[in-house]
Amino acid sequence: MSGKGSRLRPPKGKPPRGAVRVVQKAAHREQDQAPRAEVAPATKATGEARRSIVTGRRPAALAWAQLTRPLATEDGIRLLFFGVTGSGKTTGIKDLLKYIVDNNLIDLVLIHDVKKPEKQYDGEVVHEARQILTTPPTTYPAVRVMRKRGLDHMPSVEDAARVTLEAGYDGHATMLVIDEFQRALTDGGKFESQSVRRIFCEGLGLHASVIAGKQLPQLVPTEATGQSSKIYFRESREGTNYLVDDKKMTKELADVVVALPTGSFIMMPEERDFDGFIYEVPAP
Ligand SMILES: Nc1ncnc2c1ncn2[C@@H]1O[C@H](COP(=O)(O)OP(=O)(O)OP(=O)(O)O)[C@@H](O)[C@H]1O
Ligand SMILES: [Mg+2]
C-alpha cells in the first residue's frame, strides 16, 4: 500500500494544507458568528397563530463551513444529500466541492459521475480510479471525475472507494463523491461496495471522506445514516413520511422539507437536530 500511495505524494513546493487551515479556522469562526438573516413568517393557516420552526435563511457556505470543520484536523467527513429529482443535490454538492477545493481542505477528490450522458462535475476525466495510481496528479488539490468509457462500461465504485481508503491511509486527505449512491448499494438497501461501507464506518480516522446523493431516504444502510450528517433538499411526502415514521424527523420539519424551493436545503449534522435555518445554494 505504501508503495502505491507514495506515488501520490504532493509534489515539492505544494503549500502544506496545515498552513492554509489556520486561516480557514478563523474564517469558520467569522462565518459562524454571522448575523441571522431575515426571520420567516411565523404563522400557519390553522386559524391559530403558530411560531414557525424556521428561524431564518442562510447562504449554503455557512453550512459548508460547519460540515467541513473536521477536515481541518485531518478527520474524514460523511455526508448524505437527499432530495427528489431536480431539487438541487448535484448543484449543492458542486458548490460544496468548490468550497473544499478553494479552501484547500482535501488533497484528492474522486467523483463517480455516471448518471447523465453529459459530465456534471468539473475535473479531469478518468475511467477507473486506479488510473490515479499509475498517473498521479502533478498538482493538488486534484479532482478526478470517473466517467463511462462506452456503452457497456461502468467505472467501479468499489475500486474508487478502495483507492480513497488507500490514499487516505497513506496520508492524503481524500474524498469520494458518489453522485448516485444507489451505485454502491444493493436493491435491498445494503452495501454492495464493502469499501464504501468502510469509509462510512472507519473513514473518520483514515483521512477518507464520502459524499453520497440519493433521491429517497428509504433503503439506506444504517451504517451510512447512523454516522453521517444529512442534507435534505426538497423531498416527496413518501420520503418524509418514512423519516417521520422512523422518528428521524418531526412532522413540522417534514412540512418544511416538502415545501423547499429548488436549491434550498436543511441540514441535520451528525448527532444533532435541525438548527432552524434553511440554507440556500447560489444559482449555478
Ligand atoms: N441553487 C440553485 N439555484 C437555482 N437553480 C438551481 C439551483 N440548484 C439547481 N438548480 C436548477 O435545477 C436543476 C436541477 O438541479 P440538480 O441537477 O442539482 O438536481 P438534482 O437534485 O441533482 O437532480 P437529480 O436527482 O435528477 O440528479 C439545475 O439544472 C438547475 O437549473
Ligand atoms: Mg443530481
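What percentage of the 284 residues of the chain count as buried? In this predicted model, the figure is 43%.

**View 1. Overall fold of the chain.** The chain is built from 10 helices and 10 strands. Taking contacts with a separation of 6 or more, 72% join residues 24 or more positions apart.

**View 2. The largest nonpolar core.** This core has 71 residues. Val109, Leu110, Leu176 and Val177 are the members that touch the most others. Helix α6, residues 157–169, contributes six residues to the core, the most of any element.

**View 3. Surroundings of Val177.** Val177 is one of the core residues named for touching the most other members. Apart from neighbours within four places in sequence, its contacts are Ile93, Leu97, Val109, Leu110, Ile111, His112 and Ile211. Two of these partners, Ile93 and Leu97, are also among the buried residues of α4.

**View 4. Helix α4.** Helix α4 covers residues 89–102, 14 residues in total. From its first C-alpha to its last it reaches 20 Å, close to the 20 Å expected at 1.5 Å a residue. Its buried residues are Lys89, Thr90, Gly92, Ile93, Asp95, Leu96, Leu97 and Ile100. After the helix comes Asn104, which has a positive phi, near 55°.

**View 5. The shell around ligand 1.** Ligand 1 is surrounded by 15 residues, and the closest are Gly88, Lys89, Thr90, Thr91 and Gly263. By class, the shell holds 10 polar, three nonpolar and two charged residues. Lys89 and Thr90, listed here among the closest to the ligand, are also buried residues of α4.

Technical notes:
Residues numbered from 1 in each chain as written. Chains lettered and ligands numbered in written order. Predicted model: local features only at pLDDT ≥ 70, side-chain atom pairs only at ≥ 80, totals over all residues. Core = buried A, V, L, I, M, F, W, Y, C linked by C-beta atoms within 7 Å. Buried ≥ 20, exposed ≤ 12 C-beta atoms within 10 Å, placed from the backbone. Helix = DSSP H or I, 4+ residues; strand = E, 2+ residues; numbered from the N terminus. Contact = placed C-beta atoms within 7 Å. Near = placed C-beta within 6 Å. Nonpolar A, V, L, I, M, F, W, Y, C, P; charged D, E, K, R; others polar. Expected span 1.5 Å × (residues − 1).
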